[in-house]
Amino acid sequence: MSKLEIFDPAMCCSTGVCGPSVDPDLTRVASVVYSLEKRGFDVTRFNLSNDPGEFVENKKVNQVLQEKGADALPVTILNGEIVKDSSYPSNEEFSDWLQVDAADLKDKPQTRVTIDIDKL
Amino acid sequence: MYESFNPKQVVQTPFLFFTGKGGVGKTSVACATAVSLADQGKKVLLVSTDPASNLQDVFKIELTSDPVEIPSVNNLFACNIDPEEAAKTYREKTVGPYRGKLPDSVVTQMEEQLSGACTVEIAAFDEFSHLLADDTIVKQYDHVLFDTAPTGHTLRLLQLPTAWSGFLQESTHGASCLGPLSGLGEKKDLYAQAVRSLSNGEKTTLILVSRPDVSSLEEANRASLELKDIGIQNQLLIINGLFQTQSPNDEVSTAFYERQQKALTKTPVELKQIKTLSVPYVSYSLTDMDSLRHLVSDKPFAEIEENSDDNEIIPLPGLNEIIDDFSAKNTRVIFTMGKGGVGKTTIASAIAVGLSEKGHKVHLTTTDPAAHLAYTFKDGALKDNLSISSINPKTEVEKYKQEVLSVAGKEQDEEGLAYLKEDLESPCTEEIALFKAFANMVEKSQDEIVVIDTAPTGHTLLLLDSTETYHKEISRSTGDVPDSVKKLLPRLRNPKETGVVIVTLAEATPVLEATRLQEDLKRAQIVPKWWLINQSLHATETKDPILAGRANTEKRWIKKVSDELAEKAAIIPWTGEEKIGYAKLKDYIRN
């Protein structure tokens, strides 16, 4: 099973809503990751603000950061090798690397349905 | 009329939190309460968070974050927590170990992230929780007094059940304000207990402190409702600085009295339901034990004989000089900046009127819902070369929230959505939403001077700044920065194009808050041009003994502003009437 790691940059808030505008890319990546996890893939994300240690310990990430600075983030690592830096992978890239049908990556997380008895 | 606040009769719970807008005198009231309780033989701990506090001078002892016994008052202990300092310590603890291990640009990115208002709030709450939840503290003291209270936003974040479910680790959408506090999970129980103590009416009293003025009453009401909503029901309102004995032959004195009374009639309805007590307006500064004791005694007095042979008047120019300066230099964008209640909207309006009188084409725009421009220019006598617009913060924030939820919300599950919504309640959201609206406004107004009655903080500017290297990352990862914003930032930094006027009052807290604003702006490479001291009693000719005493205490703050803080300083005398309408606003220019 392939192992995928994504090293995110630090953001004012991780939802990005405190930023200048909402990044659709962030939500896209979030749902792709969700789909992959649901399919049992080993996917981990590290946020610079929460897990700075990982950015030091991971030699590959550290190296690309030393070379390119913060611009290198986000960094994506597949089975220990950097496959992409400076931006998030596209859905096609995810599907190539992990041999998943790109269409399957568009699943939305399930929403619980609540029924308000008073309103029935 | 209100009964006088006397802690002996009122205080029943072990924990007391004082809350209110900056400058309403929370620390003084808390301090007087602490001394009064200790005098009754209760063992009291006073937790101060006010960095402007002169408590060290009052107590004549160095305060640290560990409680120390106050030698001059039996049973009184005090400690001082500086939330900014706590946040800095936290920031250093988080970022420090990575200096040298990660490149500078990466470290800088982490630092800026932890510089927001939320980090400061949470860091302060973290310090509180130790005291609230620590059994040895609770058993040791009869009363623990905090001179500030956490906001509803902080408390809601801490209550969100999902905050503890590991959601933070698993999701990319961790709540912003909690996200940076790693290791928070370990503190789950501590925080939960702190929140429980806070909302237990037998343990905690929330004391809302307000001045008898409209904006601080509104702020007290907002805090009251928000904290009630989160379960803090046991509340008390203190009107601090109630002027009770007017001198009939002194115009300023009469106007001062009437202005307060008028403001009190406008107390929000909900706030009227809360038990209300008053603390008198006094001529003296609260810098020693006796004055503090008198402030909350059975018969508080307003005056202390002070030798006032010091009749020195500090000469500062009026608003007209600011207007002349901007007019001569042809400044294109003018911000008036300052905390709520210092009068920045009126000043912005007066600057706009002044410039238009000088023949400039001016556009004035404001966010202040309390002083809509239509109201400020009530007589409708607008000149051809002056146009006005108003930005409603509520509408802008709502619009922004809808936009965010429609883009990001549809991909979320329930928990994610709850987080997203809570993030949207953060102070940053409002700033960003407003700044975008302002940028659009400035963009639209070509060939005219734009006067804006508020300004974003340095933190927001830095976040929005796509030209800074380390923010390229942020702007990329959080979507596109709108063009109007991109264009505005370099203009703001150019002193030839932009002038910032910091508006303040000649009192400790407003001056300190303004100092912070200035530092924050400098961080974003914007240097305020002018400081304007508004509503100064020192600049009036009042002979009323209480007001004249207060005018005297203003001097040290006026000096501090003109000698230390401001590039250029100006002053406006206290007036009883609000300047409403074009003609009245012109009064300011005639100084």
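Predicted model: local features only at pLDDT ≥ 70, side-chain atom pairs only at ≥ 80, totals over all residues.

Biologist: Why are helices H24(B) and H25(B) called roughly parallel?

Modeller: Helix H24 (residues 508-523) and helix H25 (residues 545-565) of chain B pack at an angle of about 20 degrees, with their axes 10 Å apart. Angles under 35 degrees count as roughly parallel, so H24(B) is roughly parallel to H25(B). Their crossing is right-handed.

Biologist: Which residues make the contact between H24(B) and H25(B), and how do they divide into nonpolar, polar and charged?

Modeller: H24(B) contributes Ala508(B), Val511(B), Thr515(B) and Gln518(B), while H25(B) contributes Trp557(B), Val561(B) and Leu565(B). These residues divide into 5 nonpolar and 2 polar, with no charged residue.

Biologist: What makes Gln518(B) count as buried?

Modeller: Gln518(B), which lies in helix H24 of chain B, has a relative accessibility of 6%. Buried means under 20%, and Gln518(B) therefore counts as buried. Leaving aside residues up to four places away in sequence, Gln518(B) touches Ile502(B), Pro528(B), Trp531(B) and Leu565(B).

Biologist: How do you know that strands S1 and S4 of chain B stand at the edges of the sheet?

Modeller: The open sheet has 9 strands in the order S1-S9-S8-S7-S2-S6-S3-S5-S4 (chain B), with mixed pairing. Strand S1 (3-4) and strand S4 (68-69) of chain B each have a single partner strand, so one side of each is left without a neighbour in the sheet.

Biologist: How do you know that S2(B) and S6(B) pair?

Modeller: Two strands pair if there are at least two bridges between them, and 3 bridges join strand S2 (residues 15-19) to strand S6 (residues 143-146) of chain B, which run parallel. Phe17(B) stands opposite Phe146(B) in S6(B).

Notes. Residues numbered from 1 in each chain as written. Chains lettered and ligands numbered in written order. Heavy atoms only, no water. Axes fitted to C-alpha atoms, helices over the stretch in contact; angles between N-to-C directions. Helix = DSSP H or I, 4+ residues; strand = E, 2+ residues; numbered from the N terminus. Parallel < 35°, antiparallel > 145°, perpendicular 65-115°, else oblique. Left-handed = near helix turned anticlockwise from the far one by under 90°. Contact = heavy atoms within 4.5 Å. Nonpolar A, V, L, I, M, F, W, Y, C, P; charged D, E, K, R; others polar. Buried < 20%, exposed > 50% of the residue type's maximum accessible area, 1.4 Å probe, protein only.
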